[in-house]
Amino acid sequence: TDAEVNTRKKTFTEVQTERLEQAERTVLIKCPPKLNEKKLLQYLSSHGNIRSHFFFENRGIHALIEFSEKNSIASLQDAVGIPSAAEHHVVPFKSRLFTFTLKNPVSQAAEGTPVHLSPQSHIPVKELIQKLSHADSISNQMYILLNEFQLTEENIKLRFLACSLVRDFARAYFPDSMVKPFGSSVNTFGKLGCDVDMFLDFHDVRKHATKMKKGPFEMEYQMKRLPSERLATQKILSVIGDCLDNFGPGCVSVQKILNARCPLVKFSHQPTGFQCDLSVSNSIAIKSSELLYIYGCLDPRVRALVFTVRCWARVHGLTNSVPGTWITNFSLTMMVMFFLQKRSPPIIPTLDQLKELADEKDKHIIGGYDCSFVSDLSKIKPTKNTETLDALLSDFFEYFGNFDFRKNSINLRKGKEVNKPESSPLYIWNPFEQDLNISKNVNQPQLEKFVAMARESAWILQKEEKTQRMINKEPWGLAALLIPFGKSNPSKMKNRMKGMGSETIRSLLDSLKLNNANSLQKAVGK
């Protein structure tokens with residue numbers, strides 16, 4: 001029952017289904033600059049009840065309007081005209097994106113009042129550091145960072161709407177298909193401004209299985225057969241990519257990257273302001289999103305620590321938005337999860353423990369890999385661990401600053417260090433495809449840089465004189481970690497080196513500059 005669902009935490013699938021359905025009842029309107037909000041809503045309400053709405057800025061003011069009933073959209077579409085094609089000719093595709101202008105701009109604009117705009121991007125790190133400096137504990141600093149960076153309710157609605165608008169195209173060819181977001185948009189670890197990863201899903205298995213049983217015949221569709229699933233994926237994405245490119249209002253910079261390991265179409269969706277990546281159903285990616293969703297929901301410290309570590313890594317150039325030999329956000333997140341599994345008592349369960357809690361409906365074997373784990377959050381016992389985030393952040397840097405990367409790999413299924421199966425500098429087991437290392441791309445210099453930064457950060461957190469810095473109005477705690485090292489006070493770093501061997505000093509400095517791949521060799525080994 002609905003009441004029952006409301007009292008317990010919703011499962012990943014329940015949340016997804018609800019939001020996808022919500023997006024189907026939603027339209028996006030580009031509004032005139034001087035706007036009377038009341039009049040706009042009054043007019044729209046003539047087509048049906050409005051359940052929720054918000055305004056945001058993205059090259060002009062836009063309104064996202066969620067109707068209570070899907071048929072209100074058809075009613076509104078009946079009243080909307082086609083743009084007059086004086087200098088351009090239009091592609092007559094009728095979407096759920098509209099532009100409203102005032103009929104008598106002068107008199108109507110006078111009634112306009114500024115509307116409240118929902119921010120769709122986070123504040124710059126400089127501003128964040130200011131905010132953090134006023135907080136009274138590292139724990140509070142971390143929650144402030146989380147609040148500034150995490151996706152808002154409005155931003156999530158916009159992400160699901162972007163998927164729903166792409167679905168309208170896919171449906172022209174595949175009426176049953178769905179377009180669903182995965183990854184950071186849904187795993188509770190996305191930050192404002194991150195891309196929308198979406199995939200095309202054709203599997204509506206349940207409906208058919210039941211109907212097939214009736215009657216004396218085995219019945220199936222005649223469908224075009226292709227030599228491989230990959231080829232089918234490439235053909236489908238190619239056509240839908242062309243569709244978006246040629247007919248999609250506001251879809252620009254469409255790139256088809258069909259020869260990648262996972263073929264995809266990249267495009268920029270101007271009306272929502274998102275950079276989107278569209279691929280075809282990838283069940284394992286969905287399972288990873290759900291696993292992170294579960295971990296993110298279990299304890300508030302999980303997300304606070306992940307957002308903090310990711311922000312720290314970005315500031316120090318340990319992660320990068322372009323693919324390369326850097327540690328990825330996904331790898332970092334898995335390192336944080338592993339660290340939290342290793343606490344005593346553990347803050348989150350291992351994947352094997354989640355698998356033991358799984359019931360029949362949670363059983364999933366995908367491509368020969370067992371991806372089963374419990375979906376109902378209420379079956380997972382809450383942690384008895386009461387450590388503060390202050391302690392956890394400091395210990396995170398301490399732990400990985402001294403981790404034996406030469407010998408050990410990180411395994412989230414077991415929640416313990418395991419001997420490395422092969423010699424990649426950083427080895428993190430893919431939680432589901434167990435013969436894969438999710439951090440295979442990371443090279444030795446990058447790992448050394450990470451270790452050096454972690455050590456430096458642990459040092460700052462342990463040695464810092466909090467009260468003094470607060471009196472001096474200097475950045476302290478987390479704020480001090482978000483200023484690139486060596487910039488704030490180069491002489492401090494030199495002083496800290498006293499008593500260290502010259503070799504260690506050289507390697508530390510080198511690894512900070514990343515000039516020399518042999519740096520920190522002792523710590524990390526080849």
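Tutor: Let's start with a term: a contact means heavy atoms within 4.5 Å. In this protein, residues 24 or more positions apart account for 67% of the contacts with a separation of 6 or more. The model is predicted, so local features need pLDDT of at least 70, side-chain atom pairs count only at pLDDT 80 or more, and totals for chains, interfaces and linings use all residues. Residues are numbered from 1 along each chain as its sequence is written, and side-chain values use heavy atoms, leaving out hydrogens and water.

Student: Why are H7 and H12 called roughly perpendicular to each other?

Tutor: Their axes, lines fitted to C-alpha atoms over the stretch in contact, with angles from 0 to 180 degrees between N-to-C directions, cross at roughly 80 degrees. Angles of 65 to 115 count as roughly perpendicular, and therefore H7 and H12 get that name.

Student: Which residues of H7 make the contact?

Tutor: Met142, Tyr143, Leu145, Leu146 and Phe149 of H7 do, and they meet H12 residues including Phe307 and Arg314.

Student: What makes E7 and E8 a pair of strands?

Tutor: Two strands (E runs in DSSP of at least two residues, numbered from the N terminus) pair if DSSP finds at least two bridges between them. E7 and E8 have 5 bridges, in the antiparallel sense, so they pass the pairing rule. Gln255 has Lys266 in E8 as its bridge partner, and a hairpin of 6 residues joins E7 to E8.

Student: How much of the protein is buried?

Tutor: Buried means under 20% relative accessible area, with a 1.4 Å probe and protein chains only. Buried residues make up 49% of the 526 residues.

Conventions. Helices (H or I, at least four residues) and strands (E, at least two) are DSSP runs, numbered from the N terminus. Angles under 35 degrees count as roughly parallel, over 145 as roughly antiparallel, 65 to 115 as roughly perpendicular and the rest as oblique. Buried means under 20% relative accessible area, exposed over 50%, partly exposed in between (1.4 Å probe, protein chains only).
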